[in-house]
Amino acid sequence: MLKRLQGLTLAASILVFGSAGAQEVTLVVNPNVIGAPTFNPLKATVINTQSTLIFDTLVQRDRNFSYHPALALSWESSGDGLTWTFKLKEGVKFHDGEPFNGEAVKWWLEAYRGSQVDNLVDAIATIDVPDPYTVKLNMKRPDPNLLFNLSSSWMGFPSPKAVKEMGEDYGVKGAVGTGPFILEEHVVGQYTVLRRNPDYTWGGLSQNKGPARIARITMREIAEQSTAFLELKTGGVDALLYVPTDFVPQVKAEANLAMVELMGSDVMYMPINVTSGPFADIRIREAVALAIDQKEILQGIFKGVGMEAHNFLISALSESKVDPKYNIGYNPERAKKLLDEAGWPVGSDGTREKDGKPFTVKLWAQSESEFKRVAEAVQAQLAAVGIKAEVTTFDSSTIREQYKANNHQLAIRSYSWPNADILNWFFGGARLGYPNVSMWNDAKAEELGATAQTGSRTPEERLINYTKYHEYVLSQFVFAPIYQPVQFMAYNKARIRFPDKIMTPEFDSVMALDMEIVE
Amino acid sequence: MPEYILRRTFVLMPVFFVVSLVIFLITHLVPGDPIDNLLQVGSSPEMKAKLIAEYGLDRPLHEQYLLWLGRLLTGDLGEAIILKRPVFDLILQNLPYSLTLGAAALAFSTAFGIIVGALAATFPGTKVDEGAMGFILLGSTVPSFWLGLLLILFFAVMLGWFPVSGARGWSSLVLPVLTVGLGGIALTARVTRVAMLETAQKDFVFLLHAKGVPHRSIQVRHILRHAMIPVITIVGLRIGWIIGGSVTVEYVFARPGLGTLLIRSLNQRDYPVVQGSLLMLAMAVMLGTLLADILHAAIDPRVRERAR
C-alpha cells in the first residue's frame, strides 16, 4: 500500500514540472529578477531572463564588450558621431506573423520618449527609415554608449501591432517579440513557460543559427536558495542560473552537476560620507579606505571565490584599468600614519581620540547576510587602525531613506552594472543621499563626469574621459572598494549540455539556442 | 439568534474603519518609498519628482488616506505602483493558493489537535499524556522555516515522496500543510485537554458514571462536546492568522500566496498592494472571529440567552 502510494506520489511529482519529459527543460532564474511585473520595458522595474528569450535586440554584447549583429546586420556611424545607420536583417518576423522592419524599429524607439527609461533614447533627435531595412538615427549629440544601450535587455523589440492591440495589458497578458522562444504562460513571481519559435533563423552569436533545440523551457522563480538547490539535486529542475557562493562547494560535491562561471558584473564597496564629521578631511578618508583588507575578506568570507576590488568598476571594463597609483589597496601602516597626521593619536584603550572624544563611526549595512558578514570584518579591520565602528543593519528600502536624511557615515553596499557610467549614477551631485551615498558634490568631478557621459564623441574618447573621471573619484577617497563576486550557473549534466565556450555575459537567447538535451 | 448575528456584524464596522486607519498609517510612516524602487540607473532627477506627483505621494497624509478610503468603499483597491496592475486582481490571483493552504492546514491542525488532546485527557497523567503533549510542544517551538526545510530534506530529497517546491498538484500541498499545521496542533490540543479535564469534574459526568455509561462513550459523546466551545473560539481566531502566517512557508516552498505578495510589496514599499493585502488579512481575522462567535452561540444556548 505504502509502495503504491510512494509510486503514485513520485509519478505525480514527476508530472508536476515535467523535467522528465523529452524536449522540455526547467531552469531556475536568478533571484534578483524574481517578480518582474511585466514584459513591457516602458513600465517594468526589472527585465528578467525570460525577456531575453522572447525578444531580440539590434546588437548583442559579448563578454569582452564587443558588439555583434543580432537584428541589425551591420551598422556605421558618421565621422562626427551624429548619424548612425543600421542595416536590418531581412525575413525576420514577430511571433504574431508581423514583419520586423525599419518602421517597427522607429515606432518602438520613439515609444521610449516620456517613459521611465527615456534616458536610453535621450541622445537620439530624429529617426529616418529610407527603406524598409535601413534605419538612420540622427543624434542630438554623439553617443558612444549607443551600442551598449541597444544591446541591453531593456531594448528588445516587440510587435507594434501587439502593443497597440493589447494597450494597457501589453506585457502583462502577453508579450510578442522576435526571439527564439514564444511566451506561452506566465505567472508573476512563480514561473514562465516558453515554447520554441519554429521560424527562428536569425540567431546572432549562437553557434546554432536555426530554431532552438529544445521544444519547451519552463523558467521557475524560487526565492529560497536552499529550496532551489534541493530541486536541482533531486532532478526537479535542470539548471540554476545563479548559485550563491555558499552553495558552490555543495554543487561541486554532486557527481551529476556541473558549474559554469559567468562574467561578474557586481562590485561591493564602502561609500564614505564626505559631509559627516571627520570625513571632511581627505586624510581620514584615505586612512579608512586603506584600512580595508580586500584579500582577508575574499579568503575569509567568500572562500576565495571571486576577486578583490581595487577601484569602482568591474575588472572586465577597460575603464577599470586606471593608473595603478590610483588603485586603493590594503595599507595599514600608511593609514595609521595619516590618522596620526590628522590629529587623532591612539588613546590608552587602542582607540584613537581627539580632545578626549574617541573616534567612533557608524557603519551601516543592508540586512542580507553577506553584507552583515563583511560589515563585521570591516569593523575588525577599522579597529586594527584604532577606529571603533558600530554596525547597524537595515532593510534596503529603509536604508535608502536614511541615506537621504544624511545620518550615515560608512556603509557596505554593492551594485550590479557593466558600464563606466555607473560613476555618474553613484557620484553625481544631482542625486545626493541616494544613490550618491557619499554625499559628494565636487565641481571638478561634475565637469569630468559630464564630459565623459555626454561630451565624448567616439568610444576611444569615452574610454579616456571615463578613465580620467574614474581616477579623480579614486583620488578623493569617497569610497573604499571591497570585492567583486563572480556568478556561477549549475546544471544537471545528465540532462542538458552547454557549449564549452560561453560567449555572452549571462544566460540569454544565445545560450538557450546552443543548449542541448542529453539523450 | 438572528439578532445576535446582526448585532455582532454591526460592531464590525467601526472596527473596520479603525483597522483601515492603522494599516494606512503603518505603511506610510515606515521609512522608505516606492519611487526609489521604480527608478533605474541613468534616470534623471526630474523623473523622480514626476513619478512622486503622478502617484499623489506628495499630498498630505490625511488627504491620501481619505482618497484611499473613498475608493475602498466603492470596491476599488487601487492600482499597484510597482506591479502596475489593479490590486484587486493581484489579491484575487493569490488568494486561492493561500486559502487552500490555510484551510487544509487549519483542518489538519484542528483535527489532530482535538484527537491528541482528547487522547491525553482520556488517559491523564500516563505516558500517553506526557508523550503526546511533549511531542506537539516540539512541533510548535521549531521555527516553521526550518521545519519546512527539514521536511523537504527528509520527505522530498531522501525519500522522494513529494515534490520539493511549487504549487501544481495536490502532492505539492502535503509538506507545506504539515509545516504550517504542526505548529498549530499544540494550542488546540492543550485547550482540548484542559477543557475536557475541567468538564470531567462536573456533576453531570458523575451522574453518567453512576448510570454505568462506558468511559469511552462519556469522553467522546459528552465531555468532548462541551470541550469544543473554547476550541471553536481558538480556531476562529486562528483563521486569519493562518492565512497571513504562512509567509515563511510560502517562501520556502516557492508557492504563490497572499503572504509572498505582501512581503515582496512591503520590501518595495508598494503602498496600494501592502494596504490591500493587510486589509484582506485583517478582514479574514474579523470574519473568523465573527464566525467563531456565531458558532459558539449556536452550540451554547447560554450565550444566546445571556445576549438577550
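Start in chain A by selecting the open sheet of six strands, which runs in the order β14-β20-β13-β19-β17-β18 with mixed pairing. Strands here are DSSP runs of E with at least two residues, helices are runs of H or I with at least four, and both are numbered from the N terminus. Two strands pair if DSSP finds at least two bridges between them. Look for the edge strands, β14 (307–308) and β18 (388–394) of chain A, each of which pairs on one side only.

Before going on, a word about what is on your screen: this is a predicted model, where local features need pLDDT of at least 70, side-chain atom pairs count only at pLDDT 80 or more, and totals for chains, interfaces and linings use all residues. Residues are numbered from 1 along each chain as its sequence is written, while chains are lettered from A and ligands numbered from 1 in the order in which they are written.

Now colour chain A by pLDDT, the predictor's confidence in each residue, from 0 to 100. The chain averages 91, and 96% of its residues score at least 70. Residues 9–21 of chain A are below 50, yet this stretch has 28 contacts in the model beyond near neighbours in sequence. Residues are in contact if their C-beta atoms, placed from the backbone, lie within 7 Å.

Back in the sheet, select β13 (266–271) and β20 (479–484) of chain A: they pair in the antiparallel sense over four bridges. A:P271 has A:F479 in β20(A) as its bridge partner.

Next, visit two loops of chain A. Between α13 (422–427) and α14 (443–454) you will find A:P435, joined to A:Y434 by a cis peptide bond with omega of about 10 degrees. Between β15 (353–354) and β16 (357–358) sits A:D355, whose phi is positive, near 50 degrees. Most residues other than glycine have a negative phi, and most peptide bonds are trans.

Then move to chain B and show α1 (2–29) and α13 (271–299), which pack at about 155 degrees with their axes 10 Å apart. Axes are lines fitted to C-alpha atoms, for helices over the stretch in contact, and angles run from 0 to 180 degrees between N-to-C directions. α1(B) is therefore roughly antiparallel to α13(B), a word used for angles over 145 degrees. Among the residues that meet are B:L12 of α1(B) and B:A282 of α13(B).

Last stop: show both chains. Their contact takes 41 residues from chain B and 44 residues from chain A. On the chain B side, α7(B) gives the largest share, four residues.

Technical notes:
Two residues are in contact if their C-beta atoms, placed from the backbone, lie within 7 Å. Angles under 35 degrees count as roughly parallel, over 145 as roughly antiparallel, 65 to 115 as roughly perpendicular and the rest as oblique.
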